[in-house]
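Welcome! Please take a moment with the sequence and the model below, and then read on for a short tour.

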Amino acid sequence: MLAANLDPVASSIFSMLAIVSLVLAFVMLGSRWLNNYLYAFAAESWVIAALSASVGYYGGYPELYLVAGLTGFFRGLFLPYLVWRIIYRLDVAREIHVFVQPSSTLVLGALCTVFTLTVAYRVGESLGLANTVAVLALTVMLSMKLIGFLMLTVRHEALSQILGLLILENGIFLGAQILVPGMPMLIEIVILFDLLIIVACFGVLVRYLVTHVGSTSSLKLRRLVG
Amino acid sequence: MIREIILQICQVAAVLLLAPLLQGAILQFEERVQMARGPGLFQPYRDLLKLFRKQIVVPDTASWIYWITPFVAFTAMLTVPILIPVLTDFPLPLSDMGDILGGGLVLTLASFMIVLAGLDTGSAYGGIGSSRSVMLTILAEPALIVVFVGITLLAKSMLPFAVNHLLVKNPAIYLGPAHLFLIAAFFALLLVETDRIPIHSSTHIEVYMIEEARILEYSGPFLALLKWASMMKQFILYTIFCNVLLIPWGLSQQGTALGIAGSLMALTLKFLLVAIAVVFVETAQSRLRFYRYQELLAASFVFAVLSIIGTQLS
């Protein structure tokens, strides 16, 4: 396994990039402006692309450079552009009625991170990987997943929910890059297209909501109709 | 020994003479970003020269504090460069007088005296400026102390030279999260302490002024000394940020004339880099409301705490 025997420089680069993307996930959690979510998501994708490239460099997987390029282009430019188009057409700048304030959400996110840290320690010990970068990668992966779930739960604008879904996916991708770097190229491409389809479907759904319900907030969706 | 004393004098002289240039460069870049021509790189020198030629007008209410403050502030800024690596990466004579905390103490002494002088004359603006700046200090101080603690835990030492050597020798520590969070925390403090935009306003004389309000009663050479001291403070903080934390390379290791020239060149490049980042912040950001000051400082505090956690985890 790559994470078990890394030289110190590589492991500090990996942990730095992982922690920066976790911080960006917290930025998304703490803000209520949709534009900020989007910038943070794009920045996070670029950080993850850099992580792929450095894993490729230090682990000797040349195909990861291509993955890094694809990640940077699709997740860092194309998906944010699509979401930006939706935001621009919708004319929703921010979450207006929040039922958990951003600052309280930050505290909840911090609790999630502490929880995942303990989980990651246990998992790391049972795999014999304690005190390596694998523990940190597990922590960041699981806490980004929990933060994504938290955003899906406490935000009710359709756009924050899609960005929550995208963070969740970013977290899994980040963890996979460090823990199992040799994933087949085809899977990566399939995941990227999945994401594209998710965003495209959301775009259609959001426009449908606007025409039929008049709002994209899930608070307004009270009736189950076909 | 003689050479080391000369080097030490060179360090202080570099801070003294190049500080207005740094200020001029930042102001000029800002104007150029806004598609204006700008006053030129050397405008702060011309301003200082003009102020030194003017006469001194002292308010009737001023006491001795008013008279000594410019000198205390200026002397404090001349003392700090002795303690930090400006040109050489080895300690020079008298640089063991104080560690990072000692330097911080001398810097704080200067701003404490300026606060007193703002209150001393009894003018309304001086009082407002002093109270705002004390408020800001109360908010910024915890973050600063935690940054110092983080540096100490990282390097197991409080000497700036030791931190510099550690980062140059161990790229793993340089690239580690602990160090990078310290950089982020210190950058936010740098913006606060050098009168930059998320806290301070970009124009000089207006209702929200903080630094300018405290020295509003000064004129002539006194005002020149205080302005020069604040430019030197900016230069010193940039030096600590670059030579200790951000880019610890490019310092003279033997202290030859060629090495000093090289490290001056390197210093220019480093400051250019940081100045471009600062200009970006000043252009992209607007000034925060008074009751939102703590947001930036809380972010800085959180980064510093994260960096301490980082040093404990690794």
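Met35(B) is exposed, as 6 other C-beta atoms lie within 10 Å. Here a residue counts as buried if 20 or more other C-beta atoms lie within 10 Å of its own, exposed if 12 or fewer, and partly exposed in between, with C-beta atoms placed from the backbone. This is a predicted model, in which local features need pLDDT of at least 70, side-chain atom pairs count only at pLDDT 80 or more, and totals for chains, interfaces and linings use all residues. Residues are numbered from 1 along each chain as its sequence is written, while chains are lettered from A and ligands numbered from 1 in the order in which they are written.

Met35(B) sits in the loop between helix 1 (2-33) and helix 2 (43-53) of chain B. Helices are DSSP runs (H or I, at least four residues), numbered from the N terminus. Leu94(B) belongs to the loop between helix 3 (64-83) and helix 4 (100-120) of chain B, and is partly exposed, with 13 other C-beta atoms within 10 Å.

Now to where the chains meet. Six residues from chain B and seven residues from chain A make up the contact; two residues are in contact if their C-beta atoms, placed from the backbone, lie within 7 Å. On the side of chain B that touches chain A, helix 7 (171-175) and helix 8 (177-193) each supply at least two residues. Helix 7 of chain B gives the most to that side, with three residues.
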